Amino acid sequence: INCISSGEWASYAHKLQQAGADGIELNIMMLGSNPSLTSQQIEDLHFSIVKNVLKHTSLPVSIKISPYFSAGASFYQKLSESGINGLVFFNRMSEFDFDINTRQFSNGSVYSSPQSYSNTLRWICMLSAGSSCPLIASTGVHDSQTMIKMLMAGAQAVQVTSALYTSGVSHIKTLLTELEQWMQTNGYSSLADF
């Protein structure tokens, strides 16, 4: 569920549960571009959304969040303690650009790049030992090497999207095969061994 307020999203969570969903990911993306909102108000809005959704569903709920917080470590830790079942790093903003000759706005690439995983890896490393919920890596996971790094850093799962758009759904099999081969070569029998 893409959301930026705590209003109607809770009822959508309930409807999704009734429709047979197995879980919900709240994709909360707030740029912080409203100068009348303080950082505390933006953080409080996240907790309000979580609280309202959790009241309306018994499904597992994960939160996909932005990397743009003034005290990220504290905020992410508190979110992990809010009753959610997963914290997804990170929500990727649409890229923004404009043409200086036509003066027209345009979007940049809609896909992440293989080089864009570093910030996610940093935060997974910093937070994995103290998080109260599973951490999920997203943004820039295009190959098995990056997937393995995320798992070794403490992610319990990874999300792969852009690579599937560019390489096709069969890329999942490639990622899993390469993961299994790496694990066998390095003496890992399960992901828990990481």
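Predicted model: local features only at pLDDT ≥ 70, side-chain atom pairs only at ≥ 80, totals over all residues.
Let's start with His 142. You'll find His 142 in the loop between β7 (135–137) and α5 (144–153). Is His 142 buried or exposed? Its relative accessibility is 11%, and buried means under 20%, so His 142 counts as buried. Here our definition comes in: the side chain of His 142 makes a polar contact with the side chain of Ser 112, at 2.9 Å. Leaving aside residues up to four places away in sequence, His 142 also touches Ser 113, Pro 114, Ser 162, Ala 163, His 171 and Leu 175.

Now over to a pair of helices. Two packed helices are described by the angle between their axes and the distance between the axes. For α1 (residues 9–18) and α2 (residues 39–56), that angle is about 35° and the axes are 8 Å apart. The crossing of α1 past α2 is right-handed.

Which residues meet there? From α1 we have Trp 9, Ala 10, Ala 13, His 14 and Gln 17, and from α2 come Asn 52, Val 53 and His 56. Sorted by class, this contact has four nonpolar residues, four polar ones and no charged ones.

A last look at α2 itself. Its 18 residues reach 27 Å from first C-alpha to last, close to the expected 26 Å.

Notes:
Residues numbered from 1 in each chain as written. Heavy atoms only, no water. Axes fitted to C-alpha atoms, helices over the stretch in contact; angles between N-to-C directions. Helix = DSSP H or I, 4+ residues; strand = E, 2+ residues; numbered from the N terminus. Left-handed = near helix turned anticlockwise from the far one by under 90°. Contact = heavy atoms within 4.5 Å. Nonpolar A, V, L, I, M, F, W, Y, C, P; charged D, E, K, R; others polar. Expected span 1.5 Å × (residues − 1). Buried < 20%, exposed > 50% of the residue type's maximum accessible area, 1.4 Å probe, protein only. Polar contact = N/O pair within 3.5 Å; in protein donor to acceptor, adjacent residues only side chain to side chain.
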